[in-house]
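Work through the exercises below with the sequence and the structure at hand, and try each task before reading its solution.

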Amino acid sequence: MIGEKRALKYRINWKDARQAILKERIGGPGLRFDPDIKTKSAAEFSKRIKEGEYEYGRKAAAIFSGFLNPSAHVLEIGPGPGTVTVPLSKKVGAITCIDLSLRNIAHLEKNLQEASCDNVDVIHKNWLRTDDVELKDGYDLVFCSHFLWMIPDLEEHLEKMENASRKYCAIVQPAGRGGLVKEVYARITGNEYAGEFEPDGDYFAYVVLREWGRLLNVSHFSFTNTMTLEEKVHSTASFVGRFVEVDEGVAARIRELVLPHAGEDGTFVETNDVVVMWWEVA
Ligand SMILES: C[S@@+](CC[C@H](N)C(=O)[O-])C[C@H]1O[C@@H](n2cnc3c(N)ncnc32)[C@H](O)[C@@H]1O
């Protein structure tokens with residue numbers, strides 16, 4: 001249900017900053033060291049959320065439970081392997097998910113089955129191509145998690161979310177980054193780290209929604225991630241690869257730089273913050 005937007009005499013120019021960040025994230029030289037990196041990273045991410053017993057999703061679902069009715073019908077945009085979907089499905093009536101990646105949907109369906117989640121409907125579609133007339137006011141909650149950088153036009157995304165909701169919308173977004181990736185970036189590029197990897201999607205959404213006059217409830221939680229050496233190399237390469245081509249030599253250098261930071265059992269444990277914003281649309 002789309003509410004009125006307020007008129008403002010002065011506005012913050014957030015669009016240029018967001019555009020510049022998007023360009024850096026999308027147009028980078030990339031990862032050449034492993035042609036299967038995308039398939040491997042999706043599998044590693046799915047494995048990691050399960051090994052962490054869906055801590056991120058459980059904490060997000062606990063916040064949603066504070067305002068949602070247990071029979072609520074939820075629309076999730078970009079569920080990935082089910083980071084939030086799996087734990088949330090135990091707390092609501094039904095979830096409809098829309099994701100455009102068949103690779104991620106395969107992990108999602110496997111994880112839903114393993115966790116006996118039988119109230120989740122998965123739709124393979126580009127969210128930006130969904131029909132607003134068909135979706136209008138269809139759900140009690142419309143939310144996305146770790147998604148804001150996936151779409152070029154933030155306002156279009158937020159308008160579509162509000163259109164599909166008859167009650168609430170929510171955004172869950174990572175809000176912290178460990179120091180190691182920044183250190184590796186500096187060592188490999190020879191540039192001082194200047195904020196290239198700050199997980200800052202949430203504050204653009206906050207500005208837009210406040211411009212529209214929405215009153216946001218903001219909270220946060222932290223969660224812990226554990227990675228193997230190869231997972232750490234892949235994850236670090238995905239950041240560094242925005243600025244330098246990661247070929248086999250660069251990947252080996254990343255491995256060498258991260259290795260001394262492994263724990264006694266050879267894993268990398270990192271605790272990060274996550275912001276949750278939710279608002280009533282009606
Ligand atoms: C970074 S993952 C986040 C996964 C999960 N929500 C989480 O919090 O871990 C983003 C997901 O959004 C999906 N996605 C990206 N653009 C999309 C679009 N336009 N329509 C539907 N899904 C999209 C991707 O395929 C991916 O599964």
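**Exercise 1.** Into how many nonpolar, polar and charged residues does the shell around the ligand divide?

*Solution.* This is a predicted model, in which local features need pLDDT of at least 70, side-chain atom pairs count only at pLDDT 80 or more, and totals for chains, interfaces and linings use all residues. Residues are numbered from 1 along each chain as its sequence is written. Begin with the classes: Ala, Val, Leu, Ile, Met, Phe, Trp, Tyr, Cys and Pro count as nonpolar, Asp, Glu, Lys and Arg as charged, and the others, Gly among them, as polar. Sorted in this way, the shell has eight nonpolar, eight polar and one charged residue. Next, of the 17 residues around the ligand, those that come nearest are Gly78, Gly80, Thr83, Ser101 and Ser145, where a residue is near if its C-beta atom, placed from the backbone, lies within 6 Å.

**Exercise 2.** Describe how helix H10 and helix H11 pack.

*Solution.* Two packed helices are described by the angle between their axes and the distance between the axes. The axes of H10 (residues 229-240) and H11 (residues 248-258) come within 9 Å and cross at roughly 120°. H10 is therefore oblique to H11, since angles under 35 degrees count as roughly parallel, over 145 as roughly antiparallel, 65 to 115 as roughly perpendicular and the rest as oblique. Finally, list the residues that meet (C-beta atoms, placed from the backbone, within 7 Å): Leu229, Lys232, Val233, Thr236, Ala237 and Val240 in H10 meet Ala251, Ile254, Arg255 and Val258 in H11. By class, this contact has seven nonpolar, one polar and two charged residues.

Technical notes:
Axes are lines fitted to C-alpha atoms, for helices over the stretch in contact, and angles run from 0 to 180 degrees between N-to-C directions. Helices (H or I, at least four residues) and strands (E, at least two) are DSSP runs, numbered from the N terminus. Two residues are in contact if their C-beta atoms, placed from the backbone, lie within 7 Å.
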